[in-house]
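Let's take a friendly walk through this model, stopping at a helix, a helix pair and a partner chain.

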Amino acid sequence: MFCSQEYDVVVIGAGPGGCVVARNLARAGHKVLLLEKREKIGIPVRCGEASTKLADLQTYGPIDDDCIETIINGLYIYGPNGVNIDLAQKGTGIMLNREKFDPWLAHLAENDGAEVVTKARAEFVGEVEKGARLVRVKLGDGAGESTEEVRAKMVVAADGVESRIGRLVGLDCVQKPNITCTGVDIQVQGILTRPDYLTFWQGHDFINDGYIWSFPKIKSNVTNFGAGFRITNKNDRNILDVTMEWLYKLFPEARINHVVGGVIPVSSILKEYTLDHFALVGDAAHHTNPLTGGGIASSMRAGRFCAQTVHEGLECGNLSKEFLKLYEKRCYDYFGRWHDFECKFGRFLHHINKSEQTELYHVLQNFAKHGCKKSSFLKTPVSSAKMFYKFWRFKG
Amino acid sequence: MKILVHDRGVCLECAGCVGVCPKMALDMYGLDLQIDLEKCVRCGLCTKACPAGALKLQEMNDVL
């Protein structure tokens, strides 16, 4: 049972994006309902759990120490033909424990006045009627199942990669095959690679359109070993088998705790994800980074923009599609433009041949070695210029 | 005629297939995957998206 039948805002999905929206709007004095279909928020985790965008993660202020597994001091990339990149940077990122992080975010939202309901699955969102939308919610399961209806001036769907609600109301947020990654994350006991580094394998034959990662979780003494690559016709074998094979090749002694999977949108931000009295946030709006597949930080940032825009809309009584375009614009200006660039870079990386890829890695290697400054490119003047020109001409 | 078959034993319950299905023929209820065979157009996208290979398009005769 809900406390009320009428809400200012209903947020669907209590992931990082949804929680930020719910909390910020509740804090601004609006009546907010946050729905989560699962029994426990954050479980099961469908994520590699690393992030290098601390500023965006800390949209609420400092993250609770319990949720942080590791402080990351650099990235190590095993590139093609033995060209490896060592990108040392103190405190560049963190490893999260999403089983604790997501509930913590939801708890903060609840503390600030949002009503959080779990085992609540939004089944249907209606058309706008008298300035509100109807949301039909299925509560509980089995014998205790019931259906409730609420009305909300604004519906925010942060319902993840499958975004059924987004598709139901007519937004084109389906995952298209060549711009979607499929991934697995294998939790292995113990720390496999350098403990304060994120380690990647990229540009090898079996993962030419993605990468393999190894992220250490110090406090839990486990490693997230996973992989993501594009859904293309080329890969006949499923990604779990490929990743397992690679894991046992590198670490024959590896002891596996459990395996999770998922798909990741790598299309870069959707062109349109708002309607009258409706908006998408996070994976549903393809807010994930198209090169790295990371989405926690950008979802939280988008959640903040969404809350800000909806708050302004509620204040002036205008939640039309035209008005909510402001939210899309804020996201695009903050990270969308950069995501478009990274998307192009990702396609470029997969388009060029092996020797060009190796050359590009040499350029990046020198870039990292000489302190990641623009002038670092001058250490490999010929290769750099050639790559810049190729990339500039690349239209794909 | 082909039919979509789901192997619950290897399924990771990630709902990745739900996201790629162009016809919304798939849905995840808790840990159960439901396939609406009337909506399914046998495009095979979900079989490629599945990280564990839990979904397969098989000949109807082989299944029966």
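Eleven of the twelve residues of α1(A) are buried, so this helix is largely enclosed by the rest of the structure. Here a residue is buried if 20 or more other C-beta atoms lie within 10 Å of its own, exposed if 12 or fewer, and partly exposed in between, with C-beta atoms placed from the backbone. Helices (H or I, at least four residues) and strands (E, at least two) are DSSP runs, numbered from the N terminus.

A word on conventions: this is a predicted model, in which local features need pLDDT of at least 70 and side-chain atom pairs count only at pLDDT 80 or more, while totals for chains, interfaces and linings use all residues. Residues are numbered from 1 along each chain as its sequence is written, and chains are lettered from A and ligands numbered from 1 in the order in which they are written.

Back to α1(A): its buried residues include Pro16(A), Cys19(A), Arg23(A) and Leu25(A). The buried residues of this helix pack against β1 (6–12), β2 (32–35), α3 (98–111), β9 (146–157) and α6 (296–316) of chain A; contact means C-beta atoms, placed from the backbone, within 7 Å. After α1(A) comes Gly29(A), with a positive phi near 95°.

Further along chain A, the axes of α8 (residues 354–369) and α9 (residues 381–393) come within 9 Å and cross at roughly 115°. Axes are lines fitted to C-alpha atoms, for helices over the stretch in contact, and angles run from 0 to 180 degrees between N-to-C directions. At this crossing, Glu359(A), Leu360(A), His362(A) and Val363(A) of α8(A) meet Ser383(A), Ser384(A) and Met387(A) of α9(A).

Now for chain B, which has three helices and four strands, in the order β-α-β-β-α-β-α from the N terminus. Of its 64 residues, 34% count as buried. On the chain A side, 17 residues of chain B are in contact with 21 residues of chain A. The largest share of the side of chain B that touches chain A, four residues, comes from α1(B).

The table sets out the residue classes of both contacts; Ala, Val, Leu, Ile, Met, Phe, Trp, Tyr, Cys and Pro count as nonpolar, Asp, Glu, Lys and Arg as charged, and the others, Gly among them, as polar.

| α8(A) with α9(A) | three residues | three residues | one residue |

Terms used
Contact = placed C-beta atoms within 7 Å.
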